[in-house]
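Thanks for making time, everyone. Please bring the model up on your screens, and then I'll walk you through it.

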Amino acid sequence: MNINPYNLTIFFGALLLVFVAILKLVQIDRRNKIPWFFYGFIATANLTIIQVLLIDFGISKKYPLIYLFYLPYQYVSPVLFTGFTCYYLEKKTAYQKHQKLLWLPAILFFIGYQVLIVNTLLDYQLFSKHISTFITTEVDENLAVVFSLFLGIYNYRVIRNYEYSLGTLSFIYVIKKTKWIKNIFIVSIVLCIFWLLTVVLFYIDEEIRGNSPYYPIWILFVSFYSIIVIFGSKHLRESTISKHNTGCLTQHAIKSFPISALQEVFSENGVTLMQANPARVTSILNYFASSLVSHQQEKVLEDVAETSNSSFVLKDGVCYMKDPSEKVLPQRPACDSKKNDGYIKELHFLMKEAKLYRDAHLGLESLSKRLNISGNYLSKIVNKSTGKNFTDYVNSFRVEDTKSKLKDPEFANYTIYAIALESGFNSKSTFYTAFKKHTGISPTKYRKTS
């Protein structure tokens with residue numbers, strides 16, 4: 001048996017983290033996905049290390065039946081962390097949309113593990129021990145590293161998309177919420193790179209044997225997970241703040257914003273008008289803060305032009321940038337008011353003809369990309385042209401579609417909820433609320449009277 005102070009310390013550190021994570025999982029409400037994903041990630045990530053250490057100790061070789069309990073946790077933990085990121089940042093549709101694809105590697109390797117176990121029990125009659133070792137070391141580990149790096153990049157995109165769609169929330173609130181996840185992302189990427197370099201080390205020096213080269217990276221991983229568990233509980237508590245409390249935070253930001261500080265930029269008249277409507281001022285500042293996150297000058301200027309056009313009903317909005325020579329003001333991105341009508345016409349076409357509303361995962365972000373405009377701008381023009389927010393606008397098409405199906409004899413054998421799912425709704429409560437809001441009666445009553 002190969003037991004030393006290094007692998008023993010790593011083993012008990014990982015075991016303690018698994019125990020803490022499982023204890024938390026038992027205590028939490030299963031309906032709250034955020035802590036479930038978080039502690040599931042901690043548990044599976046450390047179980048990965050424990051499984052390898054059992055091989056390093058020589059225990060698995062002495063007691064082969066232990067292999068029956070081996071699972072591909074290295075493909076599960078990145079998926080759980082992705083789920084945590086998406087749910088924590090209110091982007092759960094991104095996870096739900098790709099979850100089958102995300103879980104595919106774990107499922108395939110789970111099946112592969114069972115085949116390897118059977119092959120071992122049959123004394124390698126299916127394929128040789130050399131092939132079995134090659135799969136469990138070379139293929140398994142290399143793909144796990146690549147998969148972890150890939151999901152790390154995917155998580156970063158989720159974080160950036162969240163920051164771009166600030167809405168009316170305080171910019172400071174949003175950045176505070178994403179900062180700690182960004183730190184986790186950066187450290188995890190660095191650790192994955194170290195992991196990859198350790199793997200490469202075995203290819204460079206073929207004389208290296210055993211798992212001792214992994215000890216430093218395992219110590220770093222266990223330390224990293226320990227810090228996440230210690231400080232993560234604070235942020236998880238913040239994630240459970242209700243919409244009411246979030247609204248209170250926003251209102252507090254609005255009230256505490258020193259509008260009088262803008263008197264050096266605006267006239268006394270302008271500052272007085274802004275003081276009369278601080279919520280509007282804060283909303284505008286938050287909107288432009290989302291552009292500044294990307295640090296793309298063209299994007300900021302386009303948002304300025306679009307918002308000026310939308311807010312002041314201008315025929316066009318033009319930005320001028322001061323030339324370094326200070327002799328000319330070159331024109332930058334302009335926004336034609338006719339574009340709004342074009343966007344609305346295209347949007348109506350996509351709803352009425354393409355029936356995009358039947359996609360249960362349709363969101364402001366995905367639809368704005370299809371129209372090649374920002375999510376905030378799409379929200380503004382929908383509100384201005386229809387008098388509805390984006391969700392109500394989409395649900396109005398879903399309700400009309402449901403109404404037509406409830407009258408259609410071909411759908412007579414369908415349950416009301418099944419028809420709602422066909423029309424794009426993804427939950428019973430959302431459907432019933434939207435239907436009653438748009439029709440004034442319940443779907444059951446409507447079906448009986450139609």
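First, the ground rules. This is a predicted model, so local features need pLDDT of at least 70 and side-chain atom pairs count only at pLDDT 80 or more, while totals for chains, interfaces and linings use all residues. Residues are numbered from 1 along each chain as its sequence is written, and side-chain values use heavy atoms, with hydrogens and water left out.

Now the overall picture. The protein has 19 helices and two strands. Those are DSSP runs numbered from the N terminus: H or I with at least four residues for helices, E with at least two for strands. Of the 450 residues, 42% are buried. Buried means under 20% relative accessible area, exposed means over 50%, and partly exposed is in between, with a 1.4 Å probe and protein chains only. The accessible surface is about 25,900 Å². Carbon and sulfur atoms hold 62% of that surface. The areas come from Shrake-Rupley with a 1.4 Å probe; for residues, only the protein chains shown count as cover. Next, contacts, meaning heavy atoms within 4.5 Å. Take the contacts with a separation of 6 or more: 63% of them join residues 24 or more positions apart.

On to helix packing. Two packed helices are described by the angle between their axes and the distance between the axes. Axes here are lines fitted to C-alpha atoms, for helices over the stretch in contact, and angles run from 0 to 180 degrees between N-to-C directions.

Pair one sits at the start of the numbering. Helix α1, residues 5–27, packs on helix α2, residues 33–57, at an angle of about 150 degrees. Their axes are 8 Å apart. That makes α1 roughly antiparallel to α2. The cut-offs: under 35 degrees is roughly parallel, over 145 roughly antiparallel, 65 to 115 roughly perpendicular, and the rest oblique. The crossing of α1 past α2 is left-handed. Left-handed says the near helix is turned anticlockwise from the far one by less than a right angle; clockwise is right-handed. What lines this contact? There are 20 nonpolar residues, three polar and two charged. Nonpolar covers Ala, Val, Leu, Ile, Met, Phe, Trp, Tyr, Cys and Pro; charged covers Asp, Glu, Lys and Arg; the others, Gly among them, are polar.

Pair two is α4, residues 73–88, with α5, residues 92–121. The angle is about 170 degrees, and the axes lie 9 Å apart. So α4 and α5 are also roughly antiparallel to each other. Residues of α4 in the contact include Y75, V79, L80 and Y87, and those of α5 include W103, P105, F109 and Y113. By class, this contact has 14 nonpolar residues, four polar and one charged.

Among the contact residues are V399, T402 and L406 of α16, and F431, A434 and F435 of α18. The classes here are five nonpolar, five polar and three charged.

Stay on α16 for two residues. L406 lies in this helix. L406 is buried, at 6% relative accessibility. Beyond four places in sequence, L406 touches I416, I419, F435, P443, Y446, R447 and S450. L406 and A420 are 14 residues apart in sequence, and their C-alphas are 9.6 Å apart. D401 is in α16 too, residues 390–407. Is D401 buried or exposed? Buried, with a relative accessible area of 6%. Again beyond four places, D401 touches Y357, R358, E422 and S423.

Last, two backbone angles to check. D123 is not a glycine, yet has a positive phi of about 60 degrees. D123 sits in the loop between α5 and α6, and is exposed at 58% relative accessible area. K355 also has a positive phi, near 55 degrees. K355 is in the loop between α13 and α14. With a relative accessible area of 32%, K355 is partly exposed.

That's the tour; I'll take questions.
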